[in-house]
Amino acid sequence: MALKKTVKKRRRAKRKVVSMETIVEALQAEITLSSSNKRALSRLNSAGKAVDRQDKLVESTGERVTKARAAVAKAKTPVSKEKAKERLAAAQAKLKEVKAARTAAAAEQRKAERLAKGLYTAMQKARGKMVKEFEKAAKSLEKSVDKRTRRRRRSKKKAASSA
């Protein structure tokens with residue numbers, strides 16, 4: 001079992017890690033190549049914005065909960081204490097809701113990143129294939145250029161039938 005783990009770690013270490021910035025730049029450079037690149041970039045962008053927005057919400061809601069807790073501690077009369085407790089419960093419920101939304105936004109961002117990475121690797125693979133194909137065609141062209149060209153005359157009969 002331990003061996004398996006080390007092998008996994010070694011393989012993971014060998015894998016070249018490409019930063020999201022590099023991937024985004026590559027996709028933007030090839031944005032005309034495919035509409036899926038454009039979609040992936042916009043998805044990534046909107047997911048990033050959503051996560052930022054949710055982070056801010058979590059922060060502000062957390063502050064609200066802290067204030068509500070302080071209000072409960074400061075409340076002197078039973079009525080005001082009860083009201084403060086209600087506000088605290090409401091604030092805590094809102095915080096829970098916002099945290100759930102942030103988790104969902106983060107999950108969406110991870111999906112968008114996975115899509116971008118997949119497109120990037122597919123693009124690299126396709127580029128590699130294209131280069132190989134081009135090299136093959138170039139070699140055959142070089143060979144054919146060096147060979148003496150044969151000129152075939154079309155017989156008069158063939159020329160007449162085609163005209």
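**View 1. The whole chain.** From the N terminus on, the elements of the protein chain run α-α-α-α-α. That comes to five helices and zero strands, where helices (H or I, at least four residues) and strands (E, at least two) are DSSP runs numbered from the N terminus. This is a predicted model, so to speak: local features need pLDDT of at least 70, side-chain atom pairs count only at pLDDT 80 or more, and totals for chains, interfaces and linings use all residues. Residues are numbered from 1 along each chain as its sequence is written, and side-chain values use heavy atoms, with hydrogens and water left out. Buried residues make up 19% of the 163 residues in the chain; buried means under 20% relative accessible area, exposed over 50%, and partly exposed in between (1.4 Å probe, protein chains only). The chain exposes about 14100 Å², with carbon and sulfur atoms supplying 55% of that area; accessible areas come from the Shrake-Rupley method with a 1.4 Å probe, and for residues only the protein chains shown count as cover. Among contacts (heavy atoms within 4.5 Å) with a separation of 6 or more, 73% link residues 24 or more positions apart.

**View 2. Helix H4 from end to end.** H4 has 69 residues and reaches 101 Å from its first C-alpha to its last. That is close to the 102 Å expected at 1.5 Å a residue, the expected span being 1.5 Å times one less than the number of residues. Which residues of H4 are buried? They are Ala84, Leu88, Ala91, Leu95, Val98, Ala105, Ala112, Ala116, Leu119, Tyr120, Met123 and Ala138. H2 and H3 are among what covers them. As a reminder for reading that list, an α-helix has 3.6 residues a turn, so residues three or four places apart point the same way.

**View 3. The largest nonpolar core.** A nonpolar core here is a set of buried Ala, Val, Leu, Ile, Met, Phe, Trp, Tyr and Cys residues joined through side-chain atoms within 4.5 Å. The largest one has 13 residues, and Met20, Ile23, Leu27, Leu44 and Ala116 touch the most other members. Helix H2 (20-29), helix H3 (35-74) and helix H4 (78-146) each give two or more residues to this core. H4 hands over the largest share, five residues. Zoom in on Ile23: leaving aside its neighbours within four places in sequence, Ile23 is in contact with Val18, Ala116, Lys117 and Tyr120.

**View 4. The second core and Thr61.** A second, separate core of nine residues includes Val65, Ala68, Leu88 and Ala91. Now look at Thr61, which lies in helix H3. Is Thr61 buried or exposed? Thr61 counts as buried, at 2% relative accessibility. Not counting residues up to four places away in sequence, Thr61 touches Ala91, Lys94, Leu95 and Val98.

**View 5. Ala73 in H3.** Ala73 has its place in helix H3. With a relative accessible area of 62%, Ala73 is exposed. The C-alpha atoms of Ala73 and Ala84 are separated by 8.8 Å, with the two residues 11 apart along the chain.

**View 6. Glu30 and Arg127.** A salt bridge is a side-chain nitrogen of Lys or Arg within 4 Å of a carboxyl oxygen of Asp or Glu, and by this rule the count comes to three. One of them joins the side chains of Glu30 and Arg127 (3.0 Å, N to O). Glu30 sits in the loop between H2 and H3 and Arg127 in helix H4, so the pair ties together parts that are 97 residues apart in sequence. Both partners are partly exposed: Glu30 at 24% relative accessibility, Arg127 at 36%.

View 7. The side chains of Arg43 and Glu108 meet in a salt bridge (3.2 Å, N to O). Arg43 lies in helix H3 and Glu108 in helix H4, so this pair ties together parts 65 residues apart in sequence. Arg43 counts as partly exposed at 33% relative accessibility, and so does Glu108 at 31%. Arg102 forms a salt bridge with Asp55, the closest N and O atoms being 3.4 Å apart. This pair links distant parts of the chain, with Arg102 in helix H4 and Asp55 in helix H3, 47 residues apart. Arg102 is partly exposed, with a relative accessible area of 29%, and Asp55 is partly exposed too, at 32%.
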